[in-house]
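Hi,

Here is the structure I promised to pass on. Have a look at it first, and then read on for what turned up.

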Amino acid sequence: MSVATRTFGDKALKKGGWFYGPWTTMPKAQRLQCTIDDRQVAEVDITASHPTLLMSISGKAPFQVEFTDPYQIPSLDGIDRGEIKAVINSAIGAGKPVQTQQTRLTRAEGIGKERLADIRKIIIPTYKCLEALRKKDM
């Protein structure tokens, strides 16, 4: 359990990506029994952690009111929650706001290139925190 794999969102291996390790598939009760250097670990489950952290880092909240689920905004009628989540997390994982190619996440949601372009036109202005991913804003 001391090894993790980092999967990068871009081929340059410079930014974005995720860490995967054996703990990601462990049942929660078992995960909470783990220790690091004989110290008990904690687990913080943050709903929509990727956009929440990006909003905090960038200081750009995408909306003026609080929602229970930032991936399901009422004003984005016609865009499924799964589609929003896939597009946002693909952008954050790649480290750039404009995704022009399908990713593993968007393919899994059945989002083709045309649908991706349509969603992107709505999501980028709505989720202002994604602008922080632009190189000039980094």
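Predicted model: local features only at pLDDT ≥ 70, side-chain atom pairs only at ≥ 80, totals over all residues.

First, the overall picture. The protein chain has five helices and four strands, and from the N terminus on their order is β-β-α-β-β-α-α-α-α. Of its 138 residues, 35% count as buried. If you take the contacts with a separation of 6 or more, 47% of them are between residues 24 or more positions apart. The accessible surface of the chain is about 9,300 Å², and carbon and sulfur atoms hold 52% of that.

Back to α2, which spans residues 49–58. Its buried residues are Pro-51, Leu-54 and Met-55. They lie on the same side of α2, because the arc they cover around the axis is only 100°. As for what sits over the buried residues of α2, the cover includes α3 (81–94).

α3 also packs against another helix. Its axis and that of α5 (residues 113–126) come within 11 Å and cross at roughly 80°. With that angle, α3 is roughly perpendicular to α5. From α3, the contact is made by Glu-83, Ile-84, Val-87 and Ile-88; from α5, by Arg-115, Leu-116, Ile-119 and Ile-123. Sorted by class, that contact has six nonpolar residues, two charged ones and no polar ones.

One more backbone detail for you. In general, most residues other than glycine have a negative phi. Where is Asp-38 placed? You'll find Asp-38 in the loop between β3 (35–36) and β4 (39–40). Is the residue buried or exposed? Asp-38 is exposed, as its relative accessible area is 75%, and the cut-off for exposed is over 50%.

Cheers

Conventions. Residues numbered from 1 in each chain as written. Heavy atoms only, no water. Buried < 20%, exposed > 50% of the residue type's maximum accessible area, 1.4 Å probe, protein only. Helix = DSSP H or I, 4+ residues; strand = E, 2+ residues; numbered from the N terminus. Arc of directions from axis to C-beta. Contact = heavy atoms within 4.5 Å. Axes fitted to C-alpha atoms, helices over the stretch in contact; angles between N-to-C directions. Parallel < 35°, antiparallel > 145°, perpendicular 65-115°, else oblique. Nonpolar A, V, L, I, M, F, W, Y, C, P; charged D, E, K, R; others polar. Areas by Shrake-Rupley, 256 points an atom, 1.4 Å probe, with all protein chains shown as cover.
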